[in-house]
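My entries follow the order in which I looked things up.

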Amino acid sequence: MQCRLDGQVAVVTGGSSGLGRGIALLFAEAGASVVVNYHSGAEAAAEVVRQIEAAGGRAIAVGADVSQQAEVDAMFGRAIEAFGGVDVVVANSGIQKDAAVADMTLDQWRQVIDTNLTGQFLCAQAAVRQFRRQGERGASRALGKIVHMSSVHEVIPWAGHVNYAASKGGVMMLMKTLAQEVAPERIRVNSIAPGAIRTNINKAATEGAAAEQLLKLIPYKRIGAAEDVARAALFLASDMADYITGATLFVDGGMTLYPGFEDNG
Ligand code: NAD
């Protein structure tokens, strides 16, 4: 058996850049029709669609702010109109608005929680409702699959990023609770927790001298690439992972292995 998504429809939020873009491209290569969601990057999303179509795949770009229920519902509506249903949802969109706790504005707190946690809740909720509505579609063993994009900061505290770490800690329990609730319906829900992957969200930390510092936190001594995360997402979305639900798959080169203890013998 291979990791394939033939005949399936995948919605990838934040699919115009970084990890979402990598996932959209790999899912299309694996046979899925892909809804490439974007927030601000309309042209970048159109380029992802062009790339998928040029390779013989099917995709559409759909703008939606994942923190707004009406926009999430409209995005699912567009997916169903274009492709007839939804089999996989990758709730990937996320932002950072960093500040020391005493300096953080309520707006910085709310923006991150709204996008990273409420946005993932709204997409998962819309997915469960759609999976139930459409019933068995036959292309997968599960009735539907949800993959949340968490972070190593669902378990590693992160000074100066309390909004972000709280949002990802929230995603962990959102995913597990949801997985428990819908497992009897054969809906699988899992998370990916990336470590340091080179994308727009962490450009400053992954280039030049900062990259050297970062490598000290990565036992595997390599900063990750979007493809590393995309392959994990494809595995979790495919029937290869059919008995896996409620799990967080860490894609972090060992960042969660307490690297400070390496030479502390
Ligand atoms: P990125 O900035 O390239 O991607 C974030 C995406 O989210 C963008 O496409 C952006 O347009 C979209 N987005 C932002 N607000 C949105 C909204 N309100 N509605 C819809 N879309 C919105 O960065 P990335 O690294 O690809 O991040 C993707 C996910 O991976 C995020 O959830 C992030 O927290 C997580 N993550 C990334 C890393 C890393 O090292 N890159 C590590 C851990 C977790």
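**Aromatic pairs**

I went for the rings first: how many aromatic pairs does the count come to? The count comes to two. My rule was that rings of Phe, Tyr and Trp (its six-membered ring) pair if their centres lie within 6.5 Å, with planes under 30 degrees apart called stacked, over 60 edge-to-face and the rest tilted. Trp158 and Tyr164 make an edge-to-face pair, because their ring centres are 5.7 Å apart and their planes stand at 70°. The other pair is Tyr258 with Phe261, and I call it edge-to-face too, because the planes are at 85°, with centres 6.4 Å apart.

A note on what I'm looking at: this is a predicted model, where local features need pLDDT of at least 70 and side-chain atom pairs count only at pLDDT 80 or more, while totals for chains, interfaces and linings use all residues. Residues are numbered from 1 along each chain as its sequence is written, and side-chain values use heavy atoms, with hydrogens and water left out.

For me, buried means under 20% relative accessible area, exposed over 50%, and partly exposed in between (1.4 Å probe, protein chains only). Tyr164 is buried at 9%, whereas Trp158, at 30%, is partly exposed. In the other pair, Tyr258 is exposed at 63%, and Phe261 is exposed at 59%.

**Positive phi**

Most residues other than glycine have a negative phi. Tyr258 sits in the segment after strand 7. My helices (H or I, at least four residues) and strands (E, at least two) are DSSP runs, numbered from the N terminus. Lys221 is not a glycine either, and its phi is positive at about 60°. I found Lys221 in the loop between helix 7 (208-215) and helix 8, and it is partly exposed at 46%.

**Helix 8**

The 12 residues of helix 8 (residues 226-237) should span 16 Å, and the end C-alpha atoms are 16 Å apart, so the two agree.

How many of its residues are buried? Nine of the 12 are, which leaves helix 8 mostly covered. Among the buried ones I noted Asp228, Val229, Leu234 and Leu236. The elements covering them include helix 1 (18-29), strand 4 (88-91), strand 5 (144-149), strand 6 (187-194) and strand 7 (248-251). Contact here means heavy atoms within 4.5 Å.

Ser191 is buried at 0%. Leaving out residues up to four places away in sequence, Ser191 touches His148, Ser150, Val171, Met175, Leu236, Ala247, Thr248 and Leu249.

Ser40 gave me another picture: it is exposed at 72%. I placed Ser40 in the loop between strand 2 (33-38) and helix 2 (42-54). Its C-alpha atom is 9.0 Å from that of Ala64, 24 residues apart along the chain.

**Cysteines**

I counted zero disulfides, taking a disulfide as a pair of cysteine sulfur atoms within 2.5 Å. Cys3 is partly exposed at 25%, and Cys123 is buried at 1%.

Last, I looked for space on a 1 Å grid over the protein atoms alone: a cavity is a set of points where a 1.4 Å probe fits but cannot get out, a pocket is an open set with protein on both sides within 12 Å along at least five of seven lines, and lining residues have an atom within 4 Å of a point. Grid points are joined across faces, edges and corners, and a volume is the space filled by probe spheres set on them.

I got one cavity of 30 Å³ or more. The largest cavity holds about 50 Å³, and its lining includes Gln8, Asp87, Arg137 and Lys145.

The largest pocket has a volume of about 1200 Å³. Of its 50 lining residues, the closest to the centre are Gly94, Gln96, Tyr164, Thr199 and Ile201. Which helix gives the most to that lining? I have helix 6 down for it, with four residues.

Note on methods:
The expected span of a helix is 1.5 Å times one less than its number of residues.
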